[in-house]
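Please keep the sequence and the structure in view while following the sections below.

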Amino acid sequence: METRKIIGTLLLALAAVVCLASNVWFIIKMPAGGDKTELLLLHSLPEVIILAVMAYNFAHPGLRRSKPTIDIVHRRIKRKTNRSIDPDGYRYVSFGAMSLFIVIAFTVDLMDALGQSPFDSIDSATATLVLILLCMGFAIWGEIKVRLANPNM
């Protein structure tokens, strides 16, 4: 579990570095005006919110969430509680990978707003696509392992 927590934390830290670098780069490259503030808030606020929620989940792994289920026999709605991070720690990897994927998506959109596409050269396009595929692969692998390890989640 500790290894998966370290991998997830590294992915989350990489997402934070990419978020910070893209926003600083945007502030430097974008010409002054009212659109700059609007675009910066539009692109950086969701990234920061996602990273803050993921960091909170990493810091409080025992956080429980309730899920309503219908009990047909007794005709009532029951609340079933689950932990946000599974006991085996696979969600650390999947949460870190998904936060990195979302930050990369916002960074590509931010670059497009500046008129620079990461898909202009073959090397940067290949690196971006490989990183996106790795993020999706890690996220899917982590969620499959969670479902296999804990079938009642």
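Predicted model: local features only at pLDDT ≥ 70, side-chain atom pairs only at ≥ 80, totals over all residues.

L12 counts as buried because its relative accessibility is 11%, where buried means under 20% relative accessible area, exposed means over 50% and partly exposed lies in between, with a 1.4 Å probe and protein chains only.

Residues are numbered from 1 along each chain as its sequence is written, and side-chain values use heavy atoms, with hydrogens and water left out.

## Overall architecture

The protein chain contains four helices and two strands, these elements being DSSP runs numbered from the N terminus, with helices (H or I) of at least four residues and strands (E) of at least two. Along the sequence they follow the pattern α-α-β-β-α-α. Of the 153 residues in the protein chain, 31% are buried.

One salt bridge is found in a search of the whole structure, the term standing for a side-chain nitrogen of Lys or Arg within 4 Å of a carboxyl oxygen of Asp or Glu. R91 forms a salt bridge with E143, and the closest N and O atoms are 3.1 Å apart. The pair links distant parts of the chain, with R91 in helix 3 and E143 in helix 4, 52 residues apart.

The two partners fall into separate accessibility classes: R91 counts as buried because its relative accessibility is 5%, whereas E143 is partly exposed, with a relative accessible area of 26%.

## The largest pocket

The largest pocket has a volume of about 160 Å³, which is the space filled by probe spheres set on grid points joined across faces, edges and corners. On a 1 Å grid over the protein atoms alone, a pocket is an open set of points where a 1.4 Å probe fits, with protein on both sides within 12 Å along at least five of seven lines, and lining residues have an atom within 4 Å of a point.

The residues that line the largest pocket are L14, V18, I104, T107, V108, M111, S124, A127, T128 and L131. Helix 1 (2–29), helix 3 (90–113) and helix 4 are the elements that give two or more residues to this lining. By class, the lining has seven nonpolar, three polar and no charged residues. V108, which is placed in helix 3, is partly exposed at a relative accessible area of 21%, and its C-alpha lies 6.8 Å from that of P118, 10 residues apart in sequence.

## Helix 4 and the segment after it

V130, L134, F138 and W141 form a nonpolar patch on the surface, with about 370 Å² of accessible area together; patch members have over 30% relative accessible area and no salt bridge, nonpolar side chains being joined within 5 Å and like charges within 9 Å. L134 is found in helix 4 (residues 122–149) and is partly exposed, with a relative accessible area of 46%.

In the segment after helix 4 stands N150, which is buried at a relative accessible area of 13%. N150 and D88 are 62 residues apart in sequence, while their C-alpha atoms are 9.1 Å apart in space.

Key:
Areas by Shrake-Rupley, 256 points an atom, 1.4 Å probe, with all protein chains shown as cover. Nonpolar A, V, L, I, M, F, W, Y, C, P; charged D, E, K, R; others polar.
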